[in-house]
Amino acid sequence: MDEVEQTNVEQDAVLDVGYTDVPGTMLTDSNAIADFLKKTKIQDVLNWGRKNSLWFMVNAMGCCGVELLATGMAHYDTDRFGIIPRNSPRHADVLIISGYVTKKYLPALKRVWDQMPAPKWVICFGDCAISGGPFYESYSTHQNVDDIFPVDVFVPGCPPRCEALIQGFVELQKKIEAKKDKGTEY
């Protein structure tokens with residue numbers, strides 16, 4: 001076999017496989033994905049997808065709401081984590097309770113929680129949401145939101161910074177991956 005025929009045979013072999021062996025490069029084909037899925041429990045695959053696509057409900061209350069809205073903007077780029085703000089409870093996975101919860105607003109917040117599809121998670125964002133903050137034992141604010149909602153992550157601060165909310169999402173992703181979250185009623 002001459003040199004031209006050998007080159008053609010090598011090119012045909014590369015086309016049959018679909019890729020070349022490039023040092024330092026890892027390529028994935030459908031067979032490798034199928035082998036991975038055969039070795040993995042389906043619940044682990046589902047949890048991997050859930051932890052990487054956390055869509056949060058935009059529910060801005062009080063001064064923590066400004067930080068919540070700023071987290072969803074381009075400067076912090078939460079899309080790279082799969083964290084996307086949603087305005088409809090039917091599309092959201094995570095309810096962020098930010099700021100104080102008044103007794104008048106609590107039934108509406110419960111209705112939003114009930115409209116969210118399972119599995120769903122809750123993050124308490126800010127001191128007012130966690131303990132009442134400066135409105136502690138006020139006649140109009142509700143204390144201990146964690147008695148009503150199954151809170152997975154608490155993000156303290158008055159108001160907490162955007163980086164703290166992103167860290168709260170990272171902690172929630174760790175809990176989902178380890179199956180220690182409260183939203184695992186599925």
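Predicted model: local features only at pLDDT ≥ 70, side-chain atom pairs only at ≥ 80, totals over all residues.

Colleague: Let us begin with the helix. Which residues of helix α5 are buried?

Modeller: Helix α5 spans residues 106-115, and its buried residues are L106, L109, V112 and W113. Burial here means a relative accessible area under 20%.

Colleague: How are these buried residues arranged around the axis of α5?

Modeller: The general idea comes first. An α-helix has 3.6 residues a turn, so residues three or four places apart point the same way. In the present case, a view down the axis of α5 places the buried residues within an arc of 115°, so they line one face of the helix.

Colleague: What covers the buried residues of α5?

Modeller: The cover includes three strands: β1 (55-57), β3 (94-98) and β4 (121-125).

Colleague: I turn now to the cores. How many residues does the largest nonpolar core have, and which of them have the most contacts inside it?

Modeller: A nonpolar core is a set of buried residues of nonpolar type joined through side-chain atoms within 4.5 Å. The largest one here has 17 residues, and L95, I97, V101 and F149 have the most contacts inside it. At least two residues of this core come from each of β3, α5 and β4. The greatest contribution is that of α5, which gives four residues.

Colleague: Which residues does F149 touch?

Modeller: Leaving aside residues up to four places away in sequence, F149 touches L95, I97, L106, L109, K110, W113 and V122. Apart from this core lies another, of 16 residues, which includes L54, F56, W121 and I176.

Colleague: Finally, how many salt bridges does the structure hold?

Modeller: There are two. To read such a pair, one considers the distance between nitrogen and oxygen, for which the cut-off is 4 Å.

Colleague: How are E171 and K174 placed in helix α7?

Modeller: They are three residues apart in α7 (residues 162-177), which means that about one helical turn separates E171 and K174.

Colleague: And what is the accessibility of the partners?

Modeller: E163 is partly exposed at 38% relative accessible area, whereas R161 is exposed at 53%. In the other pair, E171 is partly exposed at 32%, and K174 counts as partly exposed at 49%.

Technical notes. Residues numbered from 1 in each chain as written. Heavy atoms only, no water. Buried < 20%, exposed > 50% of the residue type's maximum accessible area, 1.4 Å probe, protein only. Arc of directions from axis to C-beta. Contact = heavy atoms within 4.5 Å. Salt bridge = Lys/Arg side-chain N within 4 Å of Asp/Glu carboxyl O.
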